[in-house]
Amino acid sequence: MPRTHSILPSSSSSSPQYSKDNKSKKPIFPTTQVTPPSLTTFSLFIISAIFFLLGLIGTIFSLYTISHPKHLPIFRCGRVQDTFRTFYPVTTTSRKLGDHDRLIERPKLLGFVGIQTGFSSADRRVSLRSTWFPSDHDNLIRLEQATGIAFRFVIGRSKDVKKMRDLEKEVDKYHDFILIDVEEEYVRLPYKTLAFFRAAFELFEADYYVKADDDIYLRPDRLSTLLAKERPHPMTYIGCMKKGPVITDPKMKWYEKSGHLIGNEYFSHAYGPIYALSAEVVASLAATRNNSLRMFSNEDVTIGSWMLAMNVHHEDNRAICDPRCTPTSIAVWDIPKCSGLCNPTRRLKELHKLSMCSKSPTLPPDDR
């Protein structure tokens with residue numbers, strides 16, 4: 001720290017002396033009062049001192065900025081916690097984060113799937129854990145080892161104390177969550193999705209990152225086969241692609257308040273219940289600055305707009321939006337009737353009882 005010098009004006013000043021001439025006549029006009037010259041000199045001295053101090057401070061700040069360059073932050077999704085991380089051994093790689101200036105360990109995987117869920121979806125999670133999503137630690141580990149894919153429920157936070165306490169109990173029982181520091185609101189799904197991809201990239205070194213909803217029936221083994229396929233495009237966006245008229249009626253469910261920026265028809269983008277982004281795409285999302293991405297009302301439209309801007313390869317795959325179980329279906333949900341299964345709590349269990357859904361073999365890539 002540079003020393004600070006106190007600059008005080010001198011207390012001694014010479015007052016102007018006037019000789020009194022009694023013989024001189026009184027002036028015809030009254031004498032105008034003039035500011036003493038010493039006051040003007042004092043003002044100039046103070047102004048000069050202020051400019052000197054400002055210049056000195058500016059020089060010190062410039063030298064500090066040069067010697068301490070500011071790194072743009074990369075991960076800004078708030079506090080992130082993988083509640084399952086301490087329960088299994090992982091093969092890790094170290095990666096230095098510019099803004100954190102620390103080393104973190106990231107398990108290396110073929111894929112990471114974040115099952116997006118909310119505080120009102122506890123019954124869905126019960127149904128998922130009784131069907132394709134393992135309900136205990138050992139089976140969750142075995143699934144990861146067999147497929148190369150890690151699975152977690154992804155949830156934000158709530159201002160409701162009771163909801164947070166109930167979530168804490170569920171976390172303590174299953175430890176299968178990633179907790180992200182975003183407000184859990186439907187209208188903020190685009191923000192949650194971006195926070196999820198940033199958090200997933202920070203926690204896992206995966207070839208692909210998959211966003212999935214908690215109301216679909218998924219075959220992890222077939223998803224693994226899909227992700228393991230060799231592709232010539234490092235920037236890849238996999239999903240069931242769609243287009244359609246922009247909803248501009250505020251009374252309708254999928255109303256798009258920024259529809260005037262899109263036009264009459266949506267651009268090609270994946271249905272929201274499940275899609276995958278390659279590591280290069282997610283790395284670019286993780287590196288974006290806050291508030292630099294356009295947020296539309298609908299999450300799938302928002303992601304699709306980013307993919308257009310990033311010049312990614314769109315891979316349309318109907319096996320991840322199959323309305324029924326088939327020998328090749330990867331994800332089953334009631335498209336287009338519902339965005340997911342229409343009655344997920346009941347339908348998940350019904351589908352799991354069907355051999356075609358839960359027990360049919362995974363076909364090799366060449367036969368798909």
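Modeller: C325 is buried, with a relative accessible area of 15% (buried means under 20%, exposed over 50% and partly exposed in between, for a 1.4 Å probe and protein chains only). The model is predicted, so that local features need a pLDDT of at least 70 and side-chain atom pairs count only at pLDDT 80 or more, while totals for chains, interfaces and linings use all residues. Residues are numbered from 1 along each chain as its sequence is written, and side-chain values use heavy atoms, with hydrogens and water left out.

The partner of C325 is C357: the two form a disulfide with sulfur atoms 1.4 Å apart (a disulfide is a pair of cysteine sulfur atoms within 2.5 Å). C325 belongs to the loop between β12 and β13, whereas C357 belongs to helix α10 (residues 355–358), so the pair ties together parts that are 32 residues apart in sequence (helices, H or I of at least four residues, and strands, E of at least two, are DSSP runs numbered from the N terminus). C357 is buried as well, with a relative accessible area of 2%. The angle about the S-S bond is 75 degrees, which makes the link of C325 and C357 right-handed.

C240 and C321 are joined, their sulfur atoms being 2.0 Å apart. This pair links distant parts of the chain: C240 sits in the loop between β8 (236–239) and β9 (241–245), and C321 in the loop between β12 and β13, 81 residues apart. Its angle of -100 degrees about the S-S bond makes the link of C240 and C321 left-handed. C240 is buried at a relative accessible area of 1%, and C321 also counts as buried, at 5%.

The loop between β12 (313–316) and β13 (331–332) also holds D322. D322 is buried yet has no salt bridge, and the nearest side chain of opposite charge, R324, is 4.1 Å away. The two terms need their cut-offs: Lys and Arg count as positive and Asp and Glu as negative, with His and the chain ends not counted, and a salt bridge is a side-chain nitrogen of Lys or Arg within 4 Å of a carboxyl oxygen of Asp or Glu. Leaving out residues up to four places away in sequence, D322 touches S329, A331, V332, W333 and I335 (contact means heavy atoms within 4.5 Å).

An angle of 105 degrees about the S-S bond makes the link of C338 and C342 right-handed. C338 counts as partly exposed at 24% relative accessibility, and C342 is likewise partly exposed, at 37%. When bonded cysteines are counted along the chain, the disulfides follow the pattern 1-2, 3-6, 4-5.

Although D322 has no salt bridge, the structure holds 20 of them. In one of these, the side chains of D82 and R152 meet at 2.8 Å, N to O. D82 lies in strand β1 (residues 80–82) and R152 in strand β4, so this pair ties together parts that are 70 residues apart in sequence. D82 is buried at 9% relative accessible area, and R152 is buried at 1%. Another salt bridge joins K162 and D166 at 3.0 Å, N to O. These residues are 4 apart in helix α4 (residues 161–174), and about one helical turn separates K162 from D166. K162 counts as exposed at 56% relative accessibility, whereas D166 is partly exposed at 37%. The side chains of D221 and R219 also meet in a salt bridge, at 2.8 Å, N to O. Here D221 is partly exposed, with a relative accessible area of 28%, while R219 counts as buried at 7%.

The chain averages a pLDDT of 81, and 74% of the residues score at least 70 (pLDDT is the predictor's confidence in each residue, from 0 to 100). Over residues 1–32 the pLDDT is below 50, and this stretch has 5 contacts in the model beyond near neighbours in sequence. Residues 91–103 also stay under 50, and for them the model has 32 contacts beyond four places in sequence.
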